[in-house]
Amino acid sequence: MIQRRDFLRVTAATAGLAFARKFSPLASAQSSIASIEILLDEPLGTVAPEIYSHFVENLSGVIYDGIWVGEKSKVPNVNGIRKELVDEMRKINPALVRFPGGCFADSHDWRDGVGPVDKRPRRTNFWAAGESPSAPAAHRYDPNRFGTNEFAQFCKLIGAGAYLAANLRSLPAEQFYQWVEYCNSPAGSTTLADERAAAGFKEPFNVQYWGVGNESWGCGGNFTAQEYAVEYRRFATWVPEYGSKLSFVASGPNENSWEWTRGFFEEVARKGKNQFRDIYGWALHHYAWNLSRGKTKDWEKGKGDALQFEPVDWYELLREGDTMESFITGHWQIMGEIDTDHHVKLVVDEWGPWYRPGSELTHGDQLEQLPTLRDAVFSGMTLDIFNRHPEKVGVACCAQLINCLNSLYLAHEDKFCVTPVGHVFAMYAAHQGGEGLRTVISSPEIHYDRDGKAASFWGLRGSASRHDKNLVLTAVNPDVSQPLEAQITIRGAKPKSAKAMVLTAPDIHAHNTFAQREAVAPKTASSEVRGSGLNFHFPAASVVKLEIELA
Ligand code: AHR
């Protein structure tokens, strides 16, 4: 049974009614009351625009079909890049895009993906073994048609910076330096700059962010933390800079692998604390995949379904995702014990839910899943967590942008749609570069049955930031059936006007498809300004953005 208690209930309803309505956020008429206080005189730091970054891996339908359709395609494109994707991405102000992996990165030779296109080699893709027999050849045997040049062009078209992930497992450090040289050396300065110019790119790409290996504890080389630290130092030392800043990201932990963080930081510090100057970020990965409610830790058996789920599965996914906050604070604490002035920032460059196969919109696309309203609430919750820790989180990349895991977009041939997750990114973009503000939220907890035992989950959470007189508050109401009336108080200024945007749907399973592109889409809502605050109705199962103009 799903119910909210412990706080003021505006209208009483029978438990049976709540149960009968459990699948429909719009069905319940009762509201609870919450309070939100935004403290203008308690700034937390600048919300890095790079928290709103993305990840595209050469994996199944992400690149070939998702991004790259080819210049001769009947699908509208800009130099081979899907135009509808470019148009949509321009609306969300993407800060960075990470490429080419993921696990793929540590098997990729960047030289294969540059130079004359008809001479580029075909290589077995890292993900080939998981491809279905009917998958397009390009998903198994990488044609290298979309390489560094095409990626740089994609970034330019969407107005994002590039974040390249270098191969540490199977290429020598020299290749890393030369990739940097190819991308960043000034026009006419080096042979590689000439090669870039011959491909049509005279001016340097000026790539700032470079990942040095990926998941080096696993697919990226199976190292110990100490072994990896030695490799990292070798790769990141004396890389030529060509006048533009380089920000290196070291391969950090999976979830709560505290020993990986401690082991790496201690090993780096053995050479002296000044070594931390060569590390911009420490990559943290967290996928919410285990929906077994504690029954198994098996990677396959623990996964849930993207579309078929009960309210208990909805809450389980959010519980799994909510652990992100403890991973951020936990790793940050260990990092600070060794890197005492916190030179190194967290880079959460892979996050999102990961379900079992079966919900792909394009049959056979490996790791594609159909995001629902549940994933929108999950994504809003996660972005709010990042916003609440601006001094710790420097970059975050949702995994992945298109046709894979927590996609913002789905595409196949000439078909395209924006997922509920894509809409959340459009709503939250207003936080980028704002001054994060401490926000205190009180709300009744949600209580529900978890395999015969009483379980609870928080009732409302969010984050706030401001650009001068423009305040942005985002929040999620995770309750599958109960709306919330919230009293919002702004400490330190008076609100002049407010506008609201709400993302919800009549069914918690709602999702967008090629045939029904607008089943889940944000809508404007009214919000009444009263004295030093305002009241707002947070529908059940919703993601909300309020933009408040201060007097
Ligand atoms: O995003 C899919 C995969 O998940 C990435 O390649 C890898 O880094 C992670 O394990």
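Author: pLDDT is the predictor's confidence in each residue, from 0 to 100. It applies here because this is a predicted model.

Reader: Which element of the protein has the lowest mean pLDDT, and which the highest?

Author: Across the protein, pLDDT averages 94. A score of at least 70 is reached by 95% of the residues. Among the elements, helix 1 (residues 15–20) has the lowest mean, 29, and the highest, 99, belongs to helix 11 (residues 373–387).

Reader: With which side chain does the side chain of N58 make a polar contact?

Author: Beyond four places in sequence, N58 is in contact with residues including Y64, F104, W127 and D142. The polar contact of its side chain, at 3.2 Å, is with the side chain of D142.

Reader: How far does helix 8 reach from its first C-alpha to its last?

Author: Helix 8 (residues 258–269) has 12 residues. At 1.5 Å a residue, 16 Å is expected. The model comes close to that, with 17 Å.

Reader: What covers the buried residues of helix 8?

Author: The buried residues include W260, F264, F265 and V268. Their cover includes strand 11 (247–250), strand 12 (281–288), helix 7 (225–236) and helix 10 (324–338).

Conventions: Residues are numbered from 1 along each chain as its sequence is written. This is a predicted model: local features need pLDDT of at least 70, side-chain atom pairs count only at pLDDT 80 or more; totals for chains, interfaces and linings use all residues. Side-chain values use heavy atoms; hydrogens and water are left out. Helices (H or I, at least four residues) and strands (E, at least two) are DSSP runs, numbered from the N terminus. The expected span of a helix is 1.5 Å times one less than its number of residues. Buried means under 20% relative accessible area, exposed over 50%, partly exposed in between (1.4 Å probe, protein chains only). Contact means heavy atoms within 4.5 Å. A polar contact is a pair of N or O atoms within 3.5 Å; within protein, one must be able to donate a hydrogen and the other to accept it, and residues adjacent in sequence count only if both atoms are side-chain atoms.
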